[in-house]
Amino acid sequence: MVAGTYPRLFEPLALRSRTAPNRIVMPPMVTNMGVTSEPARAYYAERARGGVGTVIVEAVQVRLFAAEIGPALMRPLARCIQDAGSLAVVQLFVQDRVSPDADRLGPSALDGAREATVEELRALQRQLARAAVVCEEAGFDGVEIHGAHGFFLNRFFAPEWNQRTDGYGGSLENRMRMGLECVRAVMEAKGPELLVFYRHTPAWGGYGIDESIAFAAQLVAAGVDVLDISPSLGPNGEHAHYAGLTRQHTTVPVIAVNGMNDPARADAALAEGRCDLVAIGRGLLADPMWPTKVRQGREAEIVRCTECNEKCFGNLGRGEPISCVENPRVGLEWRD
Ligand SMILES: Cc1cc2nc3c(=O)[nH]c(=O)nc-3n(C[C@H](O)[C@H](O)[C@H](O)COP(=O)(O)O)c2cc1C
């Protein structure tokens, strides 16, 4: 029986053959711990034990799956998340915007990047498909394509960053092409069971919410199971607005994220039909027990994230493993 003040957060959600045990998602957050390491496993397992329904493991660069990371290395991570009762999903990162590589690719030659050739785009799509298959073979429930936050894939959709004159730039149809081809490449390579999430940032880089919604509908038509609608960091509350508009025009579950770590706000977003799932990122760094405490009506005991960003984003900027001012245990869970 569901107790607590916010039972809606604890309703299961069917995702094709899987069931998310509740509506709370841990969104991808780069840890700088290395996803195949023991510290990373302990960190993710602790959050799964805290009761989050779906864990989306941080962005992993797809090229790593071609070279270093095979199913055997990823399997223990999937298992430790699932053993604690959560669905396990991995975010796949097609290209790193902030990579120090001299030969960094972009849709266009802007911001120090070189314009990717069509052959290079195809190669990236193949790497992405291979990465999804590795995750599937490792036993993950799903993968999330990282098409958000102004990174490589997001820039293809953004007129301010995409000045191509070939079939990948210009019209809305052309700007959607790279994202949709990525989805189709994954669909063709994977088996029938693996779930596919797509993370998109609405209304950014020269496109508005109407184009985002049109893209979301095409992503669903291409086979995407869950839309993760992630605005750039901004004032709390706007996130659910965009997720809600997307949800009105699409047919798959939608995740709202960004400043949702107040249980009343998360519950309201579900109650108002703005989303089907709520993602809580930094809030789960500060307190991995957030879901259990809310479920048990103990929300007063939650250690709250103050959005200081000092040791999460701050440590990332310094190239260090993430931690949390409110919770120095982050990254040290493996010690016990
Ligand atoms: C340390 C850190 C790392 C992040 N890494 C990723 C990432 O790998 N992929 C991604 O799409 N978003 C990433 N994000 C963004 C989060 O997934 C989330 O959208 C953001 O933190 C807002 O949610 P919140 O207010 O609940 O923290 C990261 C955020 C933080 C704090």
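How many cavities of 30 Å³ or more does a search of the whole structure find? The search finds two, a cavity being a set of points, on a 1 Å grid over the protein atoms alone, where a 1.4 Å probe fits but cannot get out. The structure is a predicted model, in which local features need pLDDT of at least 70 and side-chain atom pairs count only at pLDDT 80 or more, while totals for chains, interfaces and linings use all residues. Residues are numbered from 1 along each chain as its sequence is written, and side-chain values use heavy atoms, with hydrogens and water left out.

The largest cavity has a volume of about 110 Å³, a volume being the space filled by probe spheres set on grid points that are joined across faces, edges and corners. Its lining consists of 15 residues, of which C305, C308, N309, C312 and C324 are the closest to its centre; lining residues have an atom within 4 Å of a point. By class, this lining holds seven nonpolar, three polar and five charged residues. Here Ala, Val, Leu, Ile, Met, Phe, Trp, Tyr, Cys and Pro count as nonpolar, Asp, Glu, Lys and Arg as charged, and the others, Gly among them, as polar.

P28, M29, V30, F313 and L316 are the closest to its centre among the 48 lining residues. Two or more residues each come from β4 (54-61), β5 (87-93), α10 (282-286) and α12 (313-317), and β4 gives the largest share, four residues. These elements are DSSP runs numbered from the N terminus, helices being H or I of at least four residues and strands E of at least two. The pocket lining divides into 26 nonpolar, 16 polar and six charged residues.

The ligand sits in this largest pocket, in the sense that more than half of its atoms lie within 2 Å of the pocket's grid points. Around the ligand are 21 residues, with P28, Q91, R199, G259 and R282 coming nearest; a residue is near if one of its heavy atoms lies within 4 Å. This shell comprises twelve nonpolar, seven polar and two charged residues.

A ligand nitrogen atom lies 2.7 Å from a polar side-chain atom of Q91. Ligand oxygen atoms feature in the others: one is 2.8 Å from a side-chain N or O atom of R199, and a polar backbone atom of G259 is 2.7 Å from a ligand oxygen atom. Taken alone, the ligand exposes 600 Å², of which the protein buries 94%, with accessible areas from the Shrake-Rupley method and a 1.4 Å probe.

Definitions and conventions
On a 1 Å grid over the protein atoms alone, a cavity is a set of points where a 1.4 Å probe fits but cannot get out, and a pocket is an open set with protein on both sides within 12 Å along at least five of seven lines; lining residues have an atom within 4 Å of a point. A polar contact is a pair of N or O atoms within 3.5 Å; within protein, one must be able to donate a hydrogen and the other to accept it, and residues adjacent in sequence count only if both atoms are side-chain atoms.
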